[in-house]
Amino acid sequence: MVTGILAMLLNLGLGLFFVLGVPIPGWSGFGFKACPIVTLSVEYMQLLILWGVYWAALKYYAAYWPESGWSFSNVTAARVKEFCRVYFPAALGLASDFWRVAAIGSVAAHLGPEDVAVFNCSYRVMWICLTFIGSMGGAMAIHLGVALGGGKVAAAKQTTLVTIYTCC
């Protein structure tokens with residue numbers, strides 16, 4: 001959740017600065033051609049922060065690492081099957097979002113420069129909203145699992161309501 005919100009804020013801040021030139025008077029930024037560069041840069045920054053903080057510094061993986069160290073013998077057919085069962089539906093759901101946006105962008109690009117500008121503005125707003133809602137959904141899943149696992153039905157209901165009302 002932290003890296004998602006940080007990426008959302010970075011994308012907003014860097015987008016305002018490099019695309020629109022906010023807060024420098026007399027400079028209007030690089031324009032909409034900077035949007036993909038800003039978004040890609042933020043994605044890589046998010047990955048570096050995730051790796052640097054949670055893997056390298058805090059070592060959150062260590063509690064789940066095999067005592068003998070990692071090896072390919074830990075990769076079993078049952079684990080790969082379970083991973084694929086969870087991964088592919090999520091990946092296809094996210095990919096369909098990108099395919100839709102790419103199709104809309106392709107249509108907008110053929111209409112004219114104003115339409116591309118409107119599309120890029122809209123896309124940035126949608127990306128920020130998608131990041132926020134995805135972060136909230138991930139956090140809710142963790143808190144909901146902890147509450148239900150602990151038999152705390154009231155806490156589970158509260159978590160669900162707070163997340164739904166925050167996102168709507």
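**Aromatic rings and a helix pair**

Trp27 has a relative accessibility of 28% and therefore counts as partly exposed, since that class lies between the buried limit of under 20% and the exposed limit of over 50%. This value, like every other one here, is computed from a predicted model.

Trp27 belongs to an aromatic cluster together with Phe17, Phe18 and Phe30. The structure holds 10 aromatic pairs. One of them joins Trp27 and Phe30 in an edge-to-face arrangement, with 5.3 Å from centre to centre and 90° between the planes. Phe30 is partly exposed, because its relative accessibility is 48%. In another pair, the ring centres of Tyr54 and Tyr60 are 5.6 Å apart and the planes stand at 40°, so this pair is tilted. Tyr54 is partly exposed at 24% relative accessible area, whereas Tyr60, at 52%, counts as exposed.

Two packed helices are described by the angle between their axes and the distance between the axes. Here the axes of helix 1 (residues 2-20) and helix 2 (residues 35-57) come within 9 Å and cross at roughly 145°. The crossing is right-handed.

Ser135 is buried, because its relative accessible area is 10%, under the limit of 20%. The Ser135 side chain reaches the backbone oxygen of Thr131 at 2.9 Å.

Methods
Residues are numbered from 1 along each chain as its sequence is written. This is a predicted model: local features need pLDDT of at least 70, side-chain atom pairs count only at pLDDT 80 or more; totals for chains, interfaces and linings use all residues. Side-chain values use heavy atoms; hydrogens and water are left out. Axes are lines fitted to C-alpha atoms, for helices over the stretch in contact, and angles run from 0 to 180 degrees between N-to-C directions. Helices (H or I, at least four residues) and strands (E, at least two) are DSSP runs, numbered from the N terminus. A crossing is left-handed if the near helix is turned anticlockwise from the far one by less than a right angle, and right-handed if clockwise. Buried means under 20% relative accessible area, exposed over 50%, partly exposed in between (1.4 Å probe, protein chains only). A polar contact is a pair of N or O atoms within 3.5 Å; within protein, one must be able to donate a hydrogen and the other to accept it, and residues adjacent in sequence count only if both atoms are side-chain atoms. Rings of Phe, Tyr and Trp (its six-membered ring) pair if their centres lie within 6.5 Å; planes under 30 degrees apart count as stacked, over 60 as edge-to-face and the rest as tilted.
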